[in-house]
Amino acid sequence: MQVTGGIGRTGRVFAALIAAVALGSLLLQYVLLLGLVRASIGPWMGTLRYFSYFTILSNVGVLLVAVHAALASPGFFASARWRGALALYIGVTGAIYFLVLRHLWQPQGAQWWADTGLHYAAPSLYWVWWLGFVPHGDLRRGDVLRWLAFPLAYVAWTLLRGQWVDEYPYPFIDVNLLGWATAARNALGMLVLFIVGGALIVCLDGRLRKRG
């Protein structure tokens, strides 16, 4: 089997599938969102709202990693640390949606396809790829803390944006609905989830190296 950058041909084909699913879901969600807000807040603020969702940002990250893997391109998005980070981010995306958010609405039609792609298909496919096709053994305990930089920045931006436009992307961090104390407690709980998830990924990486 031909191997490039530590990932075989099958792994690159699988990465291309992930990229196609992520890109299609992201584009569909963007079109649907703009259709909803065009007459109210307009395309520019609609675009800002689009990128205010952690789901969108984590899927963009998956897209970048998958494209680099499919093309066997070196660089930042091909690093073991970044691949592990996206396993964490997209894993949390899928878990929180399944456990908390899916009960809050019932998407239909095209929205169901976008919702399924972003919250189920992309996370599941990425994890299958990371577990089965990516070289392991390069992650370290310190990566868990490094991976917190993005969710910390996201929480800070979400709270700042919420004060600016008076809306929040998720109900569990909605200061208007919950108050600062509860929203902050929920945000702290989310960061604990990232720490636990990151530690699990580093542990899995070490075990998969030994197995390999």
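I began with helix 1 (residues 9-37) and helix 5 (residues 110-133), which pack at an angle of about 155 degrees with their axes 9 Å apart; axes are lines fitted to C-alpha atoms over the stretch in contact, and angles run from 0 to 180 degrees between N-to-C directions. Helix 1 is therefore roughly antiparallel to helix 5, the term for angles over 145 degrees. I noted that helix 1 passes helix 5 in a left-handed crossing, the near helix being turned anticlockwise from the far one by less than a right angle. The residues of this contact divide into 19 nonpolar, six polar and no charged.

The model is predicted, with local features needing pLDDT of at least 70 and side-chain atom pairs counting only at pLDDT 80 or more, while totals for chains, interfaces and linings use all residues. Residues are numbered from 1 along each chain as its sequence is written, and side-chain values use heavy atoms, with hydrogens and water left out.

I then looked up helix 3 (residues 54-70), which packs with helix 1 at an angle of about 145 degrees, the axes being 8 Å apart. Helix 1 passes helix 3 in a left-handed crossing, and the contact of the two has 15 nonpolar, two polar and one charged residues.

Last, I turned to His-136, in the loop between helix 5 and helix 6 (142-146), and found this residue buried, with a relative accessible area of 16% (buried means under 20%, with a 1.4 Å probe and protein chains only). The side chain of His-136 makes a polar contact with that of Asp-205 at 2.9 Å (a pair of N or O atoms within 3.5 Å, one able to donate a hydrogen and the other to accept it). A polar atom of the His-136 side chain also lies 2.8 Å from the backbone oxygen of Trp-130.

Notes: Helices (H or I, at least four residues) and strands (E, at least two) are DSSP runs, numbered from the N terminus. Angles under 35 degrees count as roughly parallel, over 145 as roughly antiparallel, 65 to 115 as roughly perpendicular and the rest as oblique. Ala, Val, Leu, Ile, Met, Phe, Trp, Tyr, Cys and Pro count as nonpolar, Asp, Glu, Lys and Arg as charged, and the others, Gly among them, as polar. Buried means under 20% relative accessible area, exposed over 50%, partly exposed in between (1.4 Å probe, protein chains only).
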